[in-house]
Amino acid sequence: MIELIHKIFSELKFQLKKIVLCFVLFFTPFLTLADDTEIGDIIEQMIQILNIIVIPLLLVIATLVFIWGVIQYIIAGTSEQRKKEGQNLIKWGLIGLLVIVAMWGFVKIIGTTFEVPSGQGEGTIPEGPSF
């Protein structure tokens with residue numbers, strides 16, 4: 001059990017490194033072109049890109065992985081290996097959804113910290129889910 005947990009965390013650590021590298025490479029042009037703009041403007045642009053493109057795309061992918069896992073589990077029948085594959089997809093889909101919701105919260109915290117207006121107009125952070 002401990003080996004499985006260690007394997008999962010080492011895999012997540014590797015994936016996180018790739019995500020951070022992609023994030024840095026994607027946002028580097030914003031920093032190099034920011035000759036007379038303030039850091040708040042750059043962060044506002046990053047938050048807009050995250051909210052408009054990245055987070056919804058990741059939400060769709062995680063939801064599709066979860067749904068595909070449920071379908072795989074249902075059609076597996078008596079095959080234990082296929083059921084296990086379906087369970088893995090369900091698990092990773094839920095983990096992905098939780099990470100995305102946490103990311104959305106992180107974006108909201110950053111936006112609040114740098115006083116980026118919240119709402120539905122241009123240059124604002126979408127409200128996100130409310131409970």
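How much space lies in the largest pocket? In this predicted model, the largest pocket holds about 1200 Å³ of space. Its lining consists of 30 residues, and those nearest the centre of the pocket are Leu16, Ile19, Leu58, Val99 and Met103. Two or more lining residues are given by each of helix H1 (2-32), H2 and helix H3 (80-113). Of these elements, H1 provides the largest share of the lining, with 11 residues.

The overall architecture is helical in content: the chain has three helices and zero strands, and its pattern along the sequence reads α-α-α. Among the contacts in the chain with a separation of 6 or more, 49% are accounted for by residues 24 or more positions apart. Of the 131 residues in the chain, 20% are buried. The chain exposes about 9800 Å², and 71% of this area is supplied by carbon and sulfur atoms.

A nonpolar patch was identified on the surface, formed by Ile67, Trp68, Ile71, Tyr73, Ile74 and Ile75. Together, these residues have about 600 Å² of accessible area.

Note on methods. Residues are numbered from 1 along each chain as its sequence is written. This is a predicted model: local features need pLDDT of at least 70, side-chain atom pairs count only at pLDDT 80 or more; totals for chains, interfaces and linings use all residues. Side-chain values use heavy atoms; hydrogens and water are left out. Patches are made of residues with over 30% relative accessible area and no salt bridge: like charges are joined within 9 Å, nonpolar side chains (Val, Leu, Ile, Met, Phe, Trp, Tyr) within 5 Å. Accessible areas come from the Shrake-Rupley method with a 1.4 Å probe; for residues, only the protein chains shown count as cover. A salt bridge is a side-chain nitrogen of Lys or Arg within 4 Å of a carboxyl oxygen of Asp or Glu. Helices (H or I, at least four residues) and strands (E, at least two) are DSSP runs, numbered from the N terminus. Buried means under 20% relative accessible area, exposed over 50%, partly exposed in between (1.4 Å probe, protein chains only). Contact means heavy atoms within 4.5 Å. On a 1 Å grid over the protein atoms alone, a cavity is a set of points where a 1.4 Å probe fits but cannot get out, and a pocket is an open set with protein on both sides within 12 Å along at least five of seven lines; lining residues have an atom within 4 Å of a point. Grid points are joined across faces, edges and corners, and a volume is the space filled by probe spheres set on the points.
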